[in-house]
Amino acid sequence: MSRIGKMPISIPSGVEINVAGQSVSVKGPKGTLTHVLAEPIAAKQEGSTLTVTRPNETREARSLHGMSRTMISNMIEGVTKGYSKKINIVGVGYKVAAKGKDLEFALGYSHPINFIADEGITFKIDSPTEITVVGINKQLVGETAAKIQKLRKVDPYKGKGLHLEGAHIRRKQGKTGKK
């Protein structure tokens, strides 16, 4: 049996969970999220805990069991605490500015790049070279951060570009390092 899937999920105070068939909706202080469970998986609420079960031991049911439990757990954490990812901008003249709720980047191209925020995503500009992507949906926060990073990939020789805070950037030596 899945070690992650069989663990019960504790529901904190201030969070309401509604299980209707395969649909699970979580409502908390930061917002509401909904997820539809895959067919063989079922969720059941008992007091202040939620358990995710599977009907049989087929390969498909086993693979979906732990993932479904983690998705619901991430939804609960999202509506209570939220998720954020910090992006650093490295390079001379590279910067970001807020334009309403969207972003405008200067990344060394001949034109500024406008980035439109998805619904449920907000940006905090800590400095002209640091952005924080904030939201309640973990998948959407990560996807938005990845889209921002694609605007200017990190150069392996000089380290210029956009990268997540704490990410290891593999640096290359260049021509002069071969002596």
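Ala, Val, Leu, Ile, Met, Phe, Trp, Tyr, Cys and Pro count here as nonpolar, Asp, Glu, Lys and Arg as charged, and the others, Gly among them, as polar. This is a predicted model, where local features need pLDDT of at least 70, side-chain atom pairs count only at pLDDT 80 or more, and totals for chains, interfaces and linings use all residues. Residues are numbered from 1 along each chain as its sequence is written, and side-chain values use heavy atoms, with hydrogens and water left out.

**View A. The largest pocket and its lining.** With those classes in hand, the lining comes out as five nonpolar, five polar and one charged residues. Look for Leu33, Thr34, His35, Met71, Asn74, Met75, Tyr83, Ile136, Asn137, Lys138 and Gln139 around it. (A pocket is an open set of points on a 1 Å grid over the protein atoms alone, where a 1.4 Å probe fits, with protein on both sides within 12 Å along at least five of seven lines; lining residues have an atom within 4 Å of a point.) Its volume is about 190 Å³, meaning the space filled by probe spheres set on the points, which are joined across faces, edges and corners.

**View B. Where the largest pocket sits.** Domain 1 (4–81) and domain 2 (83–164) both give residues to the lining, so the largest pocket lies between them; the domain bounds come from an automatic or database domain assignment. Strand S4 (31–36), helix H1 (59–80) and helix H2 each supply at least two lining residues. (Helices, H or I with at least four residues, and strands, E with at least two, are DSSP runs numbered from the N terminus.)

**View C. Lys86 meets Glu130.** Their side chains form a salt bridge at 3.7 Å, N to O, that is, a side-chain nitrogen of Lys or Arg within 4 Å of a carboxyl oxygen of Asp or Glu. Lys86 is in strand S7 (residues 83–90) and Glu130 in strand S12 (residues 130–135), so the pair ties together parts that are 44 residues apart in sequence. Lys86 is partly exposed at 26% relative accessible area, and so is Glu130 at 25%. (Buried means under 20%, exposed over 50%, partly exposed in between, with a 1.4 Å probe and protein chains only.)

**View D. Lys147 meets Asp118.** This salt bridge spans 3.9 Å, N to O. Lys147 belongs to helix H2 (residues 138–149) and Asp118 to the loop between strand S10 (113–115) and strand S11 (121–127), so the pair links parts 29 residues apart in sequence. Lys147 is partly exposed at 37%.
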